[in-house]
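Let's take a walk through this one together. Have a look at the sequence and the structure first, and then we'll go through a few of the details.

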Amino acid sequence: MARFRLLGRALACAGLAAAVGFGSARAAQAAWAPSKTVEFIVPAGTGGGADQMARVLQGIIQKHSLMSQALVVINKAGGAGAEGFLDVKGSARNPHKIIITLSNLFTTPLATGVPFKWEDMTPVAMLALDEFVLWVNAKAPYKTAKDFVDAAKAGAANEFKMGGTGSKQEDQIITAAIEQATGTKFTYIPYKGGGDVAAQLVGGHVTASVNNPIEAVAQWRAGELKPLCVFDGKRIPLTEKVTDTMSWGDIPTCKESGLDIEYLMLRGIFMGPGATPEQVAFYVDLFKRVRETPEWKDFMAKGAFNTTFMADTEYKTWLGKAAETHRALMEKAGFLAK
Amino acid sequence: MDALLSLVHGFGVLADPMNILYMFLGIFLGVLIGVLPGLGGANGVAILLPLTFSMSPVSGIIMLSSIYWGALFGGAITSILFNIPGEPWSVATTFDGYPMAQKGRAGEALATAFTGSFFGAFVATLLLTFLAPVIARFALQFGPAEFFAVYLLTFCSFVGMGRESPFKVIAAMMLGFALAAVGIDTVTGQLRMTFGSTELLRGFDFLVAVIGLFGVGEILLTMEEGLAFKGKSAKISPRVVLQVWKELPKYWLTAIRSAIVGCWMGITPGGATPASFMSYGLAKRFSRNGKRFGSGELEGVLAPETAAHAAGTSALLPMLTLGIPGSPTAAVLLGGLLIWGLQPGPLLFVEQRDFVWGLIASIYLSNVAGLIVVLSTVPFFAAILRIPFSIIAPVILVICAVGAYTVHNALMDISVMLVFGVIGYVFKKLSYPLAPLVLALVLGDMAESSFRQAMLLSQGNMSIFWANPLVGTIVTLALAMLFWPVLSAAMDRLRSPARSREAALPAK
Amino acid sequence: MAHQADRSEHTVSKRVMDLVVAGVFMALATLIMWDNWRIGARWEDDGPGAGYFPFRIGAIMFVVSAITFVLKLRDRTVEDGPFVERTQLRSVMQVLIPTVVFVISIGFLGIYVASAIFIAFFMAWLGKYPAAKIAPIAILVPLALFLMFEVWFLVPLPKGPLEAALGY
C-alpha cells in the first residue's frame, strides 16, 4: 500500500497522471503553467545548503501538490557553480528551467572570470537570506566578539585561523571584511563544506568560523561551539531556546559588538533569459504558496534563516545593490580574477 | 549493557511492518542504483529524499539508508560481470572480480563480494552500537594534516603493484593527477587547465573516466578476440554460495583487516573509495596469495568489498554523533535529517532515542535482508553472461552512456567516456597500468587540497606532518609502505630479470 | 584523444604506437606545464600556489615519457609485434564506429531513440538477428530506462524531438 502510494506519487510527478487534477485550485490564479517537467538547477553539489533547500522545496511542492508537473533537482556544480549558471544563461525562453542561487551568483564570475552576471537571467524571487554567525570553540577564552577582535589585533599576523567553505566565496569575503575592519591578517583555510568547517572548529584545528546557523547549530547545542555575533543589521527574531540558556535572538549583532559588518547570503530563484511576465508570475505565486506551508516555516526556523521575501523590481534593486557590494568587497580584498 | 537495551528498543521500533516494507523497497532500489553506473549512492539517496518527506523520520531514514546499503551491495555486480564499476568503491573489486568472471567463476566472485560486504557492515554496525560516542571523539582529531596523511597512506599501500615499466606506471599516475586537477582549484578558487572551455569547468569525474577506461575499454579489447564474453561458460548453481562460504573462513585475517581499515576510513572520514583501495593494497601485500592478485583471487574481491561496506556503514557514525558526514551519501542523509526536523549531533542519541536506535537496529536487519536479496540474485546475474555478445554489448554501452551522463548531467561526459574507452584500450595494449591512473584521479584532488590546507595552517612549514603522534605515525607508516615494495621489487628483479617481462596487469 | 587519428593507419607496430603515445604524453605535459606556470607554480608564503603541483606533475610526466620515448627509439632488438592485427582492428572498429555515431546522435535524437537505433543496428549487423527478435529488445531496453530514470527516479536524461512531441 505504502509502496503504491510512493510510486503513485512518482508517477503523478512525472506528469503521467497529470489528469488527476491536483492543481485545479491554481488554474484560476496564473495564466501560464508548466506543460512539462521543470528542471530545478542547483549550482552546487549534493548535500550542501543550496541542495538541501532545493530538495526541501521539491518535497514541499510534491507533498502539497502545488504544481501539476514534476520538479526535478539537477546539480551542476562545476567551476564553483559556473556550470549551472551558464546552463540557465544559455536556456533563453525555456520556462521549464529554474535555478536556485547562493552567493556564487556574484562571486564566481568575479573570482574566475567566467562570463555571466545576474542580469543575464530573469530574476524570479528571493526566498530567504542565509545568516552568518561568528563561531568559536566553546573552550575559547573569548566571551564576546569584542574580546575576539581585541585578541586578534593583539596577536601576530596569521595567528588566527578562519575556517570557511570554498575559496573567494562568502566565507572568505566576510573574513576579508573582518580583516579590513580590524586591520589584522587572518589565515583563511578553505574547506569543502560547512559541516567540515564546524567539525574542524570543534576539533580545534581552526580558531573561528563564519558558519551559517544550520551548519553549526548541532555543535552549539552540544556545548562544543559558541556564537559570538551575527552578521546582520538586526538580531535574528527567534526567541525559542536553542540551548539551555540561549535562543538565536540572544546572539548580538556584530555591529553591536563593534564589528561593523553585515553580510547575508541570497537564496533566490532565477529563470533563463527572456522569460515572460506570466511565466515569472507563476513561479512567484508558487513560491509564495510554498512559504505558507508549515514545513517551510519549520525549515526556516531550524536554519534561523532571514525570511525576507522579494519579487519584481524590489528584488531587482536588491540584486543590483548586492552585486555592487560584492564587487567592492572583492576588489578591496584582491579576489578579482586577473 | 545500556546499548543492548537500547538496541532491543530499536528492534521494537522496527516491528512496524511498514518500516520493514520500506526497508525492502529501499534495498531493492539501492541494488538497482548500485548496478547502474553513474547513478551513485549519494545521487540515489538525494533523488529519493523528497519522496520520504511525508514519512515519519524513522521510516524515512530506514528507507534511505536501505538504499545506501543496497547501493553498497550492488556496486560489485557490474564490476565483476563486465569490468564496469557501478560505484567508485567497487573499482578495486574489478581487479580480481572480473578475471574471476572471465574464468567462469562469476558466481563465486559475486558470493564473495556480497558476503564480504555483509561482514564489513556487521563489524561497523557493532562499532556503531557499542562504541559510537568514544570513537566520534577520535574523528575530531583529524585536521588537514591528518587527512593528507591518510590519503598518502592509501596511496602508498597501493602503489608498487604490477610489473610494468616504472616509467609507464609513473606516466599513467601523473596523467591521473593531472586530470584530477582540471577545473576549479578549491584552495584559491582559480581555474586550472580549463583553457576557457565551459565543458572543462567541471573537470574529469572519476566515474566517467572509470566507466570509459574499464567498461568501454574492455568491450573493445573483447572485440579483438571475436564476438564473445570469456565468462560465457559460467557455472550457475545455487550451491556456489555454500562452496564460497566453506572457503571464506580461510581468509579471516584479510576480512578482519579490511573491516578495520574500512571502519577507520569511514569514521575519520576518508570514505569508502580510499578504504577499498587501501584494503586491496594491504591484502595484496600481506597475503600469501598476494603475488597472484589481479588474476582472479577470491581474497582480492573479499578485501575491497569488506572495507567499502564497513566504511560506508561507519560513515554514519560521525554523521549521527557529530553532524559531519563521513561520505557524500552521508552528507545527503544529513540533509535528510534536517528536512525531517532532526538535529544531528551529540544530542541526537539522547533526544531522538527512537530514531537513532531504530536506525541502528535497521542496519542490522537491512544488511541481513540485503544479503538475502543479493545472494538470491547471483544465479540471475551470472546468467546475464550467457546472453549473446551482440545483444549484451550494445546494452552495456547504452548503460555506460547513461551512467556517464548521470554523474553530472552533462552530454559532453558521454563523449569523454568514449575517449577514455579508447585510451583504456590503447593503454592496455601498451602495458600502461590503469590502476595507478584511477587511484591518482580519485585521490589527487583530496590529497592536494588537504596538503595545501595543512600548509596554510602551518604557513608553509612541512613539520606539521610530524607535529603530533597521530599524524606522525600515519605519515611514517605511509613512507614505510612506499619504500618496502620498492626494495623488495628491486631485489626480486635482481634475482630474476626475466620475470619483469611477465607484466601481470592489475586491472586485467 | 589523438589516438583516433593514428587508428586509420592499419597495423602499426607496437613500437611505433609506443612512440606515438609517449609523444602525446610529452605534448600533453608541455600543455599542463604551460597553463600552470601561467597561474602561478611557485611556492608562495603560505604554501604551494594553485599551479605548484600540476606544474610538477607535468614536468614528471614529460621526463618519464621522454625516457620511454628514447628507450623505445633505441630498442630495436626486442621482437616487435604489430599493435593490432588487421582483422582485430576491423572487429574493434565494428564496435567503435557505431558507438561513436551513437554518442554523437544522442545530442540530436535524445538518448532513448539513439539507444533503440544503436541496439537494433548492432543486433542486426553483428548478430544477424531477425527483426522479430530485435524489435522487443531495441524497444524495451530504452523504455525500461525511460521508466526508471524519468518516471521513478526523476532524473532527466537527454531527450530529442520524439520525446518533445510526446510532451516531455
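This is a predicted model: local features need pLDDT of at least 70, side-chain atom pairs count only at pLDDT 80 or more; totals for chains, interfaces and linings use all residues.

Now find helix 9 (residues 206–224) and helix 20 (residues 435–458), both in chain B: their axes come within 10 Å and cross at roughly 170°. Helix 9 of chain B and helix 20 of chain B are therefore roughly antiparallel to each other. On the helix 9 side of chain B, the residues that take part are Phe206(B), Ala209(B), Val210(B), Leu213(B) and Phe214(B), and they meet Leu437(B), Val438(B), Leu441(B) and Val442(B) of helix 20. What kinds of residues make up this contact of helix 9 with helix 20 in chain B? Nine are nonpolar, with no polar and no charged ones.

## Where chains B and C meet

Chain C and chain B bury about 5,800 Å² between them, and 81% of that is on carbon and sulfur atoms. In chain C, Phe25(C), Phe83(C) and Phe153(C) lose the most area to chain B, together 10% of what that side buries. Chain C brings 69 residues to the contact and chain B brings 64 residues.

How many salt bridges cross the interface of chain C and chain B? The rule finds one. Lys168(B) forms a salt bridge with Asp18(C), with the closest N and O atoms 2.9 Å apart.

## A helix in chain C

Helix 2 of chain C (residues 14–39) has 26 residues. From its first C-alpha to its last, helix 2 of chain C reaches 38 Å, close to the 38 Å expected at 1.5 Å a residue.

How values were computed
Residues are numbered from 1 along each chain as its sequence is written. Chains are lettered from A and ligands numbered from 1 in the order in which they are written. Side-chain values use heavy atoms; hydrogens and water are left out. Axes are lines fitted to C-alpha atoms, for helices over the stretch in contact, and angles run from 0 to 180 degrees between N-to-C directions. Helices (H or I, at least four residues) and strands (E, at least two) are DSSP runs, numbered from the N terminus. Angles under 35 degrees count as roughly parallel, over 145 as roughly antiparallel, 65 to 115 as roughly perpendicular and the rest as oblique. Contact means heavy atoms within 4.5 Å. Ala, Val, Leu, Ile, Met, Phe, Trp, Tyr, Cys and Pro count as nonpolar, Asp, Glu, Lys and Arg as charged, and the others, Gly among them, as polar. The expected span of a helix is 1.5 Å times one less than its number of residues. Buried area is the accessible area (1.4 Å probe) that two parts lose on being put together, summed over both. A salt bridge is a side-chain nitrogen of Lys or Arg within 4 Å of a carboxyl oxygen of Asp or Glu.
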